[in-house]
Amino acid sequence: MASNVNPTVRRRRLGQELRRLREIKGMTAEEVAERLLVSQSKISRLENGRRSISQRDVRDLCGVYEVEDHRIVDSLMQMAKDSRQQGWWHAFGDIPYSVYIGLETDAASLRVFEPQVVPGLLQTRAYAEALINGALPESAAPDVEKRVGVRIRRQDRINSAENPLRLWAVVDESALRRAVGGRQLMREQLEYLVEQSQLPHVTVQVLPFDMGAHPGISGHYAILEFPDTADSSVVYIEGVTSDLYLEKANDVQRYSVMYEHLRAQALNVEQTRQFIANIAKEYAR
């Protein structure tokens, strides 16, 4: 796959364009489904980018929407072709959160709140392995290694010299106190966290226990923003059996406001580094 082709993002952009064409035509998803003799859920999945779109799907939909400009049809057909290519993560086999990885790979910035663990993009390999083993105790060793490999590969966006991901992480004190893998491993993880927080495109803030209740009390979430203004921001909420992606402007705005409150309540950058360093010393005792 060409390095500048991200199938997840291509599906998303194509779905947005197909939705726009449907709305211009003044049709509902149900009406389109009836015309094509398919389920309404299929039309919805095509439009939200959660399902691969074939060139035949594009051709049929353009026919329903009476798109006469062949340049538009050809462009959409090419996007459909690109969307069926494989991203780097497919080399690792079946990954439950592959949609998220595709979005993260193409994002310009990521704001994440982590209430329980160190953010995945800032984990050491040893910490990631201990964490995955603990979270998925019934997983076989090859599956754990696959998940660890994907997590480490994702960190290329942080360490990229040409196009680094702008990361802002607010981390609850719980993540620093939870001794994943033992004291020595945690000391090394926290020292690494301090080191990574000094990268110019990485900001880490800790939300200490004594701040009490806060807007992130309901749990982890991430906000992804993209370099192309045609791609709307996405709020990602991880689940046990399924994940939630919010793209409506009102939802993204609400979570963005929550995140601003978290940043305001958390320790500033320098205070955070000292706070983490002090806990790392506690693990060394």
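**Entry 1: two loop residues**

I looked up Leu-37 and found that this residue is exposed, with a relative accessible area of 79%. Here exposed means over 50% relative accessible area, buried means under 20%, and partly exposed lies in between (1.4 Å probe, protein chains only). Leu-37 lies in the loop between α2 (29-36) and α3 (40-47). Its phi is positive, about 60°, although Leu-37 is not a glycine.

I then turned to Glu-66, in the loop between α4 (55-64) and α5 (70-83). Glu-66 also is not a glycine, yet has a positive phi of about 55°. I noted that Glu-66 is exposed, at a relative accessible area of 53%.

**Entry 2: the model**

I record that this is a predicted model, in which local features need pLDDT of at least 70, side-chain atom pairs count only at pLDDT 80 or more, and totals for chains, interfaces and linings use all residues. Residues are numbered from 1 along each chain as its sequence is written, and side-chain values use heavy atoms, with hydrogens and water left out.

The term pLDDT is the predictor's confidence in each residue, from 0 to 100. I read a mean pLDDT of 88 for the protein chain, with 95% of its residues at 70 or more.

I noted the terms: helices (H or I, at least four residues) and strands (E, at least two) are DSSP runs, numbered from the N terminus. Two strands pair if DSSP finds at least two bridges between them.

I checked β1 (residues 109-114) and found six of its six residues buried. Ser-109, Arg-111 and Phe-113 are on one side, and Leu-110, Val-112 and Glu-114 on the other.

β1 pairs with β2 (residues 166-172) in the parallel sense over six bridges, and Phe-113 stands opposite Val-170 in β2. With β4 (residues 221-225), β1 pairs in the antiparallel sense over five bridges; Ser-109 has Glu-225 of β4 as its bridge partner.

**Entry 3: strands β5 and β6**

I found that β5 (residues 234-237) and β6 pair in the antiparallel sense over three bridges. Tyr-236 stands opposite Tyr-245 in β6.
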